[in-house]
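User: Hi! I am new to this structure and would like to learn how to read its features. Could you walk me through them step by step?

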Amino acid sequence: MDFIKRQLSRITRVKTIPEDLHETSLRRCLNTFDITLLGIGHMIGAGIYVLTGTVVREKAGPSAVLSFLFAGTAALLSALCYAEFGARIPKAGSAYSYTYVTIGEIWGFLIGWNIILEHMIGAASVARAWSGAMDAIFNQAIRNGTIEHIGRLSQDNEWISEYPDMVAMGITLIAFLIIGFGAKISVNFNSVFTILNALVLAFIIIIGFTFADPSLWSSSSGHGGFFPFGFSGTLSGAATCFFAYIGFEGIAIASEEARDPEKSIPRATVLSLLTVTTLYLLVTAALTLMIPYYETNTSAAFPFAFDEVGAHWAKYIVAVGTLLGISTSLLGSAFSLPRSVYAMAEDGLLFGFFSFVHSKTQTPIYAVIVFGALSALMALLFEITTLVEFMSIGTLFGYTIVAASIIILRYQPVSKCQFKLRAEETQTEAAEPVDTSVVNVSETTPLSKSDPSTPVKTDKSGLLPKSKSHDDFGRLRQNLREVPILRRFEPGDGVKSAVVLMGLFMVGLMLVVIEGAEYLRTATWWAVLLVIVFSLLIVIFYLVIVAHEKNDAFLTFQIPFVPLIPALSMLINIALMLSLTYLTWLRLVIWITVGLLLYFVYGIHYSRENKKIQGYGPMVEYKGDAALPESTMSGMTEEVKELQPPRKDEGLYQQ
């Protein structure tokens with residue numbers, strides 16, 4: 001039993017935040033404009049040029065417009081959670097670091113492991129799209145020539161590409177080569193390509209609407225109407241469309257190279273998402289109004305559409321824009337991937353040589369080389385549709401955990417919170433303003449809790465001002481502290497348990513709604529009952545969270561309406577995850593199994609947090625709540641130690 005407890009404490013230990021969060025081996029050289037364009041470039045290339053054709057033709061038809069709207073709304077909720085963490089923890093690990101600091105090491109590792117896969121697949125799938133767009137310009141000459149001279153890899157295979165895509169592999173290697181020269185050079189490339197791409201998108205929207213045929217959205221036209229795959233197809237399309245929004249995570253990853261991350265990250269996140277969502281809606285509408293959805297070319301949707309309506313001259317302009325847009329998306333994935341690997345290696349959870357930073361370029365050069373080669377290999381061998389679906393589920397999994405982490409963090413007690421907080425605010429109990437002219441501060445006046453040297457002013461009635469103490473954070477509200485069961489939990493633990501249970505019942509609710517849709521339509525009693533029970537349980541555990549005192553005293557950006565916004569984000573992300581295919585879930589399980597094997601063989605032993613605990617020796621036996629940083633421990637004086645109550649195991653500390 002003791003062995004199990006020790007192992008559980010190891011895998012759930014949280015990362016200790018360094019005192020200087022701005023200290024880094026990387027170069028802080030990016031401003032808000034750079035980071036905003038990085039996010040926009042990452043998203044518009046992948047979403048518009050890679051996904052639009054696939055979602056329109058195979059999943060949602062014209063209702064892909066709504067798919068992008070739903071995915072954008074869900075992404076905005078998730079992005080706000082990322083923005084809060086990104087301003088507070090300006091490190092390259094993004095969701096990995098946020099989860100590690102809040103929930104624990106095993107969850108942080110799993111999120112980081114999925115982020116690595118996400119960006120590898122992102123780079124590979126975008127490179128395949130780049131190759132497809134280039135091939136469309138030359139009327140499939142690249143595909144036909146490769147099959148003729150090299151041969152096929154497979155035929156009608158869902159996983160393996162029809163032919164080895166040498167162009168996709170080559171452009172992937174070039175992208176990682178650019179990334180290897182440093183952050184500023186990479187972002188300058190991205191900014192130029194993004195601005196040029198924005199001009200092409202404006203061209204697509206304006207010219208596309210001139211060829212619009214509104215009857216293509218009508219059910220009476222014989223083209224399938226607006227919902228040819230039903231609303232479930234729209235929702236399934238939204239789940240796939242989430243791939244288009246991973247660019248905002250790239251913004252969070254760039255926080256370790258931002259000059260002023262506390263301000264730049266929240267601003268860049270919101271600006272890029274609003275811009276990109278608007279563009280998605282307009283270009284998807286233009287595409288589905290030009291040609292019937294079932295004629296859409298999944299590899300090069302827009303050049304093909306203009307060719308079909310007779311605007312052959314526009315085809316080449318759009319093809320060039322496609323290459324520019326996909327290039328920015330490729331650069332975004334290539335930028336984020338090695339930095340995610342670097343963050344995990346820096347913490348000891350991946351092999352240490354991946355954390356090596358080149359002295360001249362100030363980039364994690366080995367991570368760039370190794371994972372750039374892996375991405376290029378995936379681009380060479382795998383089909384784009386398979387890559388996109390596999391990527392979406394890892395992205396959604398990460399977003400769900402980050403949203404849960406926000407709730408847990410906001411209800412942590414001060415003893416477990418590693419972030420600097422505002423001083424406690426006091427608020428007079430009297431309804432009328434205090435007449436400061438009659439305030440009498442004497443030697444008997446109570447002293448302020450936040451500053452013992454400063455007396456607290458009392459009004460003429462002698463009453464002390466009311467205050468919301470930092471000590472209340474994570475505890476039940478004053479009028480609810482005798483609620484059975486809940487009063488037994490330590491501060492913060494009740495909320496953590498409620499978040500986990502709320503998430504599990506969200507999974508149950510969405511399974512019934514999605515998998516049992518037919519039974520709900522016919523009002524089958526057991527399906528309706530399950531929806532009611534799961535909904536009630538979700539509301540109950542949400543109210544349990546609200547029953548505790550929330551911490552709003554952080555100095556950096558905070559999203560409003562917590563826990564409502566993170567809870568909605570969790571629900572939407574879970575719904576989108578469950579809309580993906582069983583085969584996609586199987587691939588995720590296989591990837592996580594490989595990751596867990598790596599963690600228990602290597603990461604758990606070489607983790608920096610493990611070395612810190614071993615370094616303290618017997619101090620690891622301390623059972624208190626406070627997680628003191630090493631600098632604080634070393635700064636203790638003999639005088640402070642004498643104030644501590646005697647312990648039975650005092651001899652341990654004298655060794």
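User: Let's begin with rings and charges. What lies over the face of F335?

Analyst: A charge sits over a ring if NZ of Lys or CZ of Arg is within 6 Å of the ring centre and within 35 degrees of the ring normal. Here R339 lies over the face of F335, 3.9 Å from the ring centre. A word on the source: this is a predicted model, where local features need pLDDT of at least 70 and side-chain atom pairs count only at pLDDT 80 or more, while totals for chains, interfaces and linings use all residues. Residues are numbered from 1 along each chain as its sequence is written, and side-chain values use heavy atoms, with hydrogens and water left out.

User: How many helices and strands are in the protein chain?

Analyst: Helices (H or I, at least four residues) and strands (E, at least two) are DSSP runs, numbered from the N terminus. The protein chain has 24 helices and two strands.

User: And what share of the residues count as buried?

Analyst: Buried means under 20% relative accessible area, exposed over 50%, and partly exposed in between (1.4 Å probe, protein chains only). Of the 655 residues in the protein chain, 53% count as buried. Helix α12 (residues 301–308) gives a local view: its buried residues are A301, F302, P303, A305 and F306. Just after α12, G310 takes a positive phi of about 95°.

User: How should I read aromatic pairs, and to what number does the count come?

Analyst: A pair of aromatic rings is described by the distance of the centres and the angle of the planes. Rings of Phe, Tyr and Trp (its six-membered ring) pair if their centres lie within 6.5 Å; planes under 30 degrees apart count as stacked, over 60 as edge-to-face and the rest as tilted. By this rule there are 27 aromatic pairs. One of them joins F70 and F231 edge-to-face, at 6.0 Å centre to centre with 65° between the planes. F70 lies in helix α3 (residues 64–88) and F231 in helix α9 (residues 230–241), so this pair ties together parts that are 161 residues apart in sequence. With 30% relative accessibility, F70 counts as partly exposed.

User: What about F109 and Y599: what kind of pair do they form?

Analyst: Theirs is a tilted pair, 5.2 Å centre to centre and with 45° between the planes. Since F109 belongs to helix α5 (residues 105–137) and Y599 to helix α20 (residues 582–606), the pair ties together parts that are 490 residues apart in sequence. Both F109 and Y599 are buried.

User: Which residues do ring pairs link into a cluster?

Analyst: The cluster is made of F70, W217, F226, F227 and F231.

User: With which residues is N114 in contact, leaving aside its neighbours within four places in sequence?

Analyst: Contact means heavy atoms within 4.5 Å. N114 lies in helix α5 and, at 2% relative accessibility, counts as buried. Leaving those neighbours aside, N114 is in contact with G394, F397, L588, W591 and I592. Looking at the chain overall, residues 24 or more positions apart account for 82% of the contacts with a separation of 6 or more.

User: Where is G224 found, and how far is G224 from G61 in space?

Analyst: G224 is in the loop between α8 (183–210) and α9, and counts as partly exposed at 40% relative accessibility. G224 and G61 are 163 residues apart in sequence, with their C-alpha atoms 8.3 Å apart in space.
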